[in-house]
Amino acid sequence: MNIRWLYTQLWHVAPPLIRRYLRRRGQKSSAYLEHWGERFGAPMAEPVQQPVWIHAVSVGETRAAVPLAAALKQYFSDAPLLLTQMTPTGRAAAEQLFPDAQCRYLPYDKPAYIRQFLDEHRPRLGILMETEIWPNLMHGCREAGVPLFLANARLSEKSQQGYLKIRPLVAPALAGLRGCYAQTAADAERLHFIGASNVHVCGNSKYDITPSETMHACAAAFKQRIGNRAVVVCASTREHKGVDEAALLLEAWQAYRGDALLVIVPRHPERFQTAFSLAQQHGFKVQKRSDNQPVAADTQVWIGDSMGELFGYYLAADIAFVGGSLVDTGCQNIIEPIACGVPTLFGPSIYNFAAACRGALEAGAARQVFSAEEWQHAAAEWLAHPADCAQYAQKAQAFISQHQGASARMADKIVEAVAADRR
């Protein structure tokens, strides 16, 4: 039996189930109820024509696309830019980071939806960021003559094992890519095992990201509100299998006896109020960023309940902890705080950023902890001994500089492949 045929049959029954799922998500975040038509193949009113199209599923991938899009702009200066996402937070990030682009949801992988999307935009080329494997989309691009690339590609051992179970479905899809540009040699090897060909190791475009002037201004405003206090930022905290990372950090922070301000920035907006309530339950004096008030001298915890300001929080920090690493979700982006020159801590779960975490440890640009209690001890130690803390900050720039240039390398290879197709 043709496994893609069976996969396609499932898409005939999937849309009602997906709508039910989105309604459930919409009970916590109303953004999931918006722009439904884009997800289910409805025509756009004014679709951009023949764009450079980049698909970045959520926030991290969207940020990683910024330097790549800038590098490609040098070659395709006359082409409009189309950004597609799958999550509301990713869409919001794209609208903020790419004000001149058309931003929309990528339709789900039903052939009719894909045909509508490709017919109305007719992309010059398509780029899937990191690990996005949609068999019907990839097949549709090949049939429509749209060169498709997988850029900044990564694949953890855990994800590889999952894809190997459905290799007859994903291997033909990956074989149709015009190029696959992996972050590391290990990623390249794993991608090859699940069926990718024409794989090149180019590095990670996230090292090419630099905070904008807007984010520096945001950090200055934060510092003005906070005053002359040390700041410990715990960013992109996650919830996994009923365990809220913010709760672990807040419980451990109860042992701290100094006057530093703890800033908790949940990864998802639906966790903002939860983090605020948890801080109150643990007995802390707490405020929200959204109250737009100065942080009181006796406030112990500040909840970063805003989107698109992560660099602002990092630039205002004396110490950073990267979430998604105390719970088993593989760690969020540790490169961002290090790029801001902030001494950085992260937990034991690192499979999404394994190479970056190992490299940062080897370079002395970050430190790993294995429990919330160990995190609190490390943060308190750095606050009490600024000279020790500063050593990590001093090594951060060298670590970042060593790994930059991936965006330009990927852009060069994409341009070479497109030019070869035209000859």
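This is a predicted model: local features need pLDDT of at least 70, side-chain atom pairs count only at pLDDT 80 or more; totals for chains, interfaces and linings use all residues.

Biologist: At what angle do helix H3 and helix H4 cross, and are they roughly parallel or roughly antiparallel?

Modeller: Helix H3 covers residues 59-73 and helix H4 covers residues 88-97, and their axes come within 8 Å. Angles under 35 degrees count as roughly parallel. The crossing is at roughly 25 degrees, which makes H3 and H4 roughly parallel.

Biologist: Which residues form the contact of H3 with H4, and how do they divide by class?

Modeller: The crossing of H3 and H4 is right-handed. From H3 the contact takes Val59, Thr62, Arg63 and Val66, and from H4 it takes Thr89, Gly90, Ala93, Ala94 and Leu97. By class, the contact of H3 with H4 has five nonpolar, three polar and one charged residues.

Biologist: Why is the pair H11 and H16 described as oblique?

Modeller: Helix H11 (residues 245-253) and helix H16 (residues 372-384) have axes 8 Å apart. Roughly parallel requires an angle under 35 degrees, and roughly perpendicular requires 65 to 115. H11 is oblique to H16, as the two pack at an angle of about 55 degrees.

Biologist: What is the composition by class of the contact of H11 with H16?

Modeller: The crossing of these two helices, H11 and H16, is right-handed. On the H11 side the residues are Leu248, Leu249, Ala252 and Trp253, and they meet Ala372, Glu373, Trp375, Gln376, Ala379 and Leu383 in H16. The contact of H11 with H16 has eight nonpolar, one polar and one charged residues.

Biologist: How are H16 and H17 oriented to each other, and what classes of residue make their contact?

Modeller: H16 and helix H17 (residues 386-402) have axes 5 Å apart and pack at an angle of about 105 degrees; they are therefore roughly perpendicular to each other. Trp382, Leu383 and Ala384 in H16 meet Pro386, Cys389 and Tyr392 in H17. That contact of H16 with H17 divides into six nonpolar, no polar and no charged residues.

Biologist: Are cysteine 141 and cysteine 218 buried or exposed?

Modeller: The cut-off for a buried residue is under 20% relative accessible area. Cysteine 141 is at 0% relative accessibility and therefore counts as buried. Cysteine 218, at 10%, likewise counts as buried.

Biologist: Which residues are in contact with histidine 55, leaving aside its neighbours within four places in sequence?

Modeller: Histidine 55 is placed in strand S1 (residues 52-55). Its relative accessible area is 0%, so it is buried. The residues in contact with histidine 55 are Thr84, Gln85, Met86, Leu106, Ile127, Leu128, Met129, Glu132 and Trp134.

Biologist: Which residues are in contact with valine 170, with neighbours within four places in sequence left aside?

Modeller: Valine 170 lies in helix H8, residues 167-175. With a relative accessible area of 2%, valine 170 is buried. The residues in contact with valine 170 are Ile133, Tyr163 and Ile194.

Methods:
Residues are numbered from 1 along each chain as its sequence is written. Side-chain values use heavy atoms; hydrogens and water are left out. Axes are lines fitted to C-alpha atoms, for helices over the stretch in contact, and angles run from 0 to 180 degrees between N-to-C directions. Helices (H or I, at least four residues) and strands (E, at least two) are DSSP runs, numbered from the N terminus. Angles under 35 degrees count as roughly parallel, over 145 as roughly antiparallel, 65 to 115 as roughly perpendicular and the rest as oblique. A crossing is left-handed if the near helix is turned anticlockwise from the far one by less than a right angle, and right-handed if clockwise. Contact means heavy atoms within 4.5 Å. Ala, Val, Leu, Ile, Met, Phe, Trp, Tyr, Cys and Pro count as nonpolar, Asp, Glu, Lys and Arg as charged, and the others, Gly among them, as polar. Buried means under 20% relative accessible area, exposed over 50%, partly exposed in between (1.4 Å probe, protein chains only).
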